[in-house]
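Look at the structure below before reading the points.

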Amino acid sequence: MFWNRKKVSDAGGIPTSADPQTLRAEVEQIKWWHPIDLGGGLITPGIDVTPARLAEIRMPEDLSGLTVLDIGAWDGFFSFEAERRGARRVLATDSFCWDGGGWGTKKGFELARRALGSRVEDKWIEVLNLSPDTAGVFDVVLFLGILYHMKHPLLALERVASVTKGQLIMQTQVDMLAVNRPAMAFYPGNELGGDPTNWCGPNPAAVRAMLETVGFRKVEILSKSFPDEVPLETLNTIRPNHITLHAWK
Ligand SMILES: C[S@@+](CC[C@H](N)C(=O)[O-])C[C@H]1O[C@@H](n2cnc3c(N)ncnc32)[C@H](O)[C@@H]1O
């Protein structure tokens, strides 16, 4: 499905003006996180396994009439996908990468939006500053690959809950998997993946408990990248593992 995506401009968006060669040259100038199909056989060379993650998050096939907020959108793959699935309004927000704080920038998002003729809106906003006043309130909120970057995870989820009126779709790194009670690893340095912007690794019980604490009434873990029984000896090792969940207000 990803590989056959329909250009948004085909559905009445703003058509792109760049000719294919110019567009390809522009794409090559940018460091991409997301592989985004811009049409005409041109897919941005993103390093993330986004198509596999799209399958994992089970974004509703039909978002007709709904509003969607994509928090930490970066190049915007999931925002454009939500628009392609019929969302009435999509707002992409980010801060760190759009500032060039890491190795990425906002150039990919802007180029993809133009090339796709997309109407996705954008706003520079820190997760901890999200509120109904600063961002609005949305039917569907995407919070993908962000929680473990948060120094204040419970506060971050409180902010996320404040802008969600329907469904939250979330994916996050997890740790402390041998513990059944809510528990969270803290990464003061670059313990997780050598990346100092990673701060916390909650276990699935902690993610569930935090979501319930901030007001989500139903939390469903869709998938886990690890077996049900994790041996206790693994507590001192950090391995990249993630879960995908849906939660409802
Ligand atoms: C691993 S990427 C995930 C990008 C995208 N959501 C995805 O799932 O592919 C983490 C994103 O979170 C953003 N981010 C990190 N800290 C943030 C903060 N405090 N406020 C807003 N965005 C933040 C980064 O800029 C980056 O775009």
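Val 174 has Asn 241 in strand 11 as its bridge partner. Strand 7 (164-174) and strand 11 (residues 241-248) pair in the antiparallel sense over eight bridges. The model is predicted: local features need pLDDT of at least 70, side-chain atom pairs count only at pLDDT 80 or more, and totals for chains, interfaces and linings use all residues. Residues are numbered from 1 along each chain as its sequence is written, and side-chain values use heavy atoms, without hydrogens and water.

**Strand 7 and its neighbours**

- Strands pair if DSSP finds at least two bridges between them; strands (E, at least two residues) and helices (H or I, at least four) are DSSP runs, numbered from the N terminus.
- Strand 6 (residues 138-144) pairs with strand 7 in the parallel sense, over six bridges.
- Leu 142 has Ile 169 of strand 7 as its bridge partner.
- From strand 6 the chain passes through helix 5 (residues 153-162) to strand 7, a right-handed β-α-β crossover (clockwise from the first strand over the helix to the second, with the strands pointing away from the viewer).
- Nine of the eleven residues of strand 7 are buried (under 20% relative accessible area, 1.4 Å probe, protein chains only).

**Largest pocket**

- Strand 7 gives three residues, the largest share, to the lining of the largest pocket.

Technical notes: Buried < 20%, exposed > 50% of the residue type's maximum accessible area, 1.4 Å probe, protein only.
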